[in-house]
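Subject: Structure for your files

Dear colleague,

Here is the structure I promised to send over. My notes come after it.

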Amino acid sequence: QVQLVESGGGLVQAGGSLTLSCAASGGTFSSYAMGWFRQAPGKERESVGVISWSGQSTYYANSVKGRFTIARDNAKNTLYLQMNSLKPEDTAVYYCAADRRGDWGKVDYWGQGTLVTVSS
């Protein structure tokens, strides 16, 4: 059983930056592809970015490409999301996810989420 704990959310002004972290425990971190997802009020959860098991490959949603960077440190069992040039539409609960197969249609484990609020 893998536990995922996000941190780093908060209130930031538009144009600002935040870095989210996701600490993993209870499993072999490098055995999981990792991802960040978000859910805004009244909307469905959507993918923000995913990263391969080794960290060599990343994929971003068009809405965050060029502004967000996903990274992982397998030695520290931690996933990161650096968010720059934040916009009010980035306001959402951000979730960390782990999947052994990299099948994001059926995620193995979810974190509890951390709220990011971007004020205009």
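The notes below go through the aromatic rings, the disulfide, the strand pairing and the salt bridges.

Please keep in mind that this is a predicted model.

Aromatic rings

The model has four aromatic pairs. In one of them, the rings of Phe-37 and Trp-110 have centres 5.1 Å apart and planes at 75°, so this pair is edge-to-face. Phe-37 belongs to strand S4 (residues 33-39) and Trp-110 to strand S10 (residues 109-110), so the contact ties together parts that are 73 residues apart in sequence. Phe-37 is buried, with a relative accessible area of 6%, whereas Trp-110 is partly exposed at 33%.

Trp-110 also pairs with Tyr-95, again edge-to-face, at 6.4 Å centre to centre and with 85° between the planes. Tyr-95 sits in strand S9 (residues 92-99) and Trp-110 in strand S10, so here the parts tied together are 15 residues apart in sequence. Tyr-95 is buried at a relative accessible area of 15%. Phe-37, Tyr-95, Trp-104 and Trp-110 together form one aromatic cluster.

Two arginines lie over ring faces. Arg-45 is over the face of Trp-110, 3.7 Å from the ring centre. Arg-72 is over the face of Phe-29, with 4.4 Å to the ring centre.

Disulfide

There is one disulfide. Cys-22 and Cys-96 form it, with their sulfur atoms 2.0 Å apart. The torsion about the S-S bond is about -70°, so the disulfide is left-handed. The bond links distant parts of the chain: Cys-22 is in strand S3 (residues 18-25) and Cys-96 in strand S9, 74 residues apart. Both Cys-22 and Cys-96 are buried.

Strand pairing

Strand S3, which carries Cys-22, pairs with strand S1 (residues 3-7) in the antiparallel sense over five bridges. Leu-4 has Ala-24 of S3 as its bridge partner. S3 also pairs with strand S8 (residues 78-83), in the antiparallel sense and over six bridges. There, Leu-18 has Met-83 of S8 as its bridge partner.

Salt bridges

The count of salt bridges is five. One of them joins the side chains of Arg-38 and Glu-46, at 2.7 Å from N to O. Arg-38 is buried, with a relative accessible area of 6%, while Glu-46 is partly exposed at 36%.

Arg-101 takes part in two of the contacts I looked at. With Asp-99, the closest N and O atoms are 3.5 Å apart; with Asp-108, the closest N and O atoms are 3.4 Å apart. Arg-101 is partly exposed at 47% relative accessibility. Asp-99 is buried, with a relative accessible area of 0%, and Asp-108 is partly exposed at 31%.

Regards

Key:
Residues are numbered from 1 along each chain as its sequence is written. This is a predicted model: local features need pLDDT of at least 70, side-chain atom pairs count only at pLDDT 80 or more; totals for chains, interfaces and linings use all residues. Side-chain values use heavy atoms; hydrogens and water are left out. Rings of Phe, Tyr and Trp (its six-membered ring) pair if their centres lie within 6.5 Å; planes under 30 degrees apart count as stacked, over 60 as edge-to-face and the rest as tilted. Helices (H or I, at least four residues) and strands (E, at least two) are DSSP runs, numbered from the N terminus. Buried means under 20% relative accessible area, exposed over 50%, partly exposed in between (1.4 Å probe, protein chains only). A charge sits over a ring if NZ of Lys or CZ of Arg is within 6 Å of the ring centre and within 35 degrees of the ring normal. A disulfide is a pair of cysteine sulfur atoms within 2.5 Å. Two strands pair if DSSP finds at least two bridges between them. A salt bridge is a side-chain nitrogen of Lys or Arg within 4 Å of a carboxyl oxygen of Asp or Glu.
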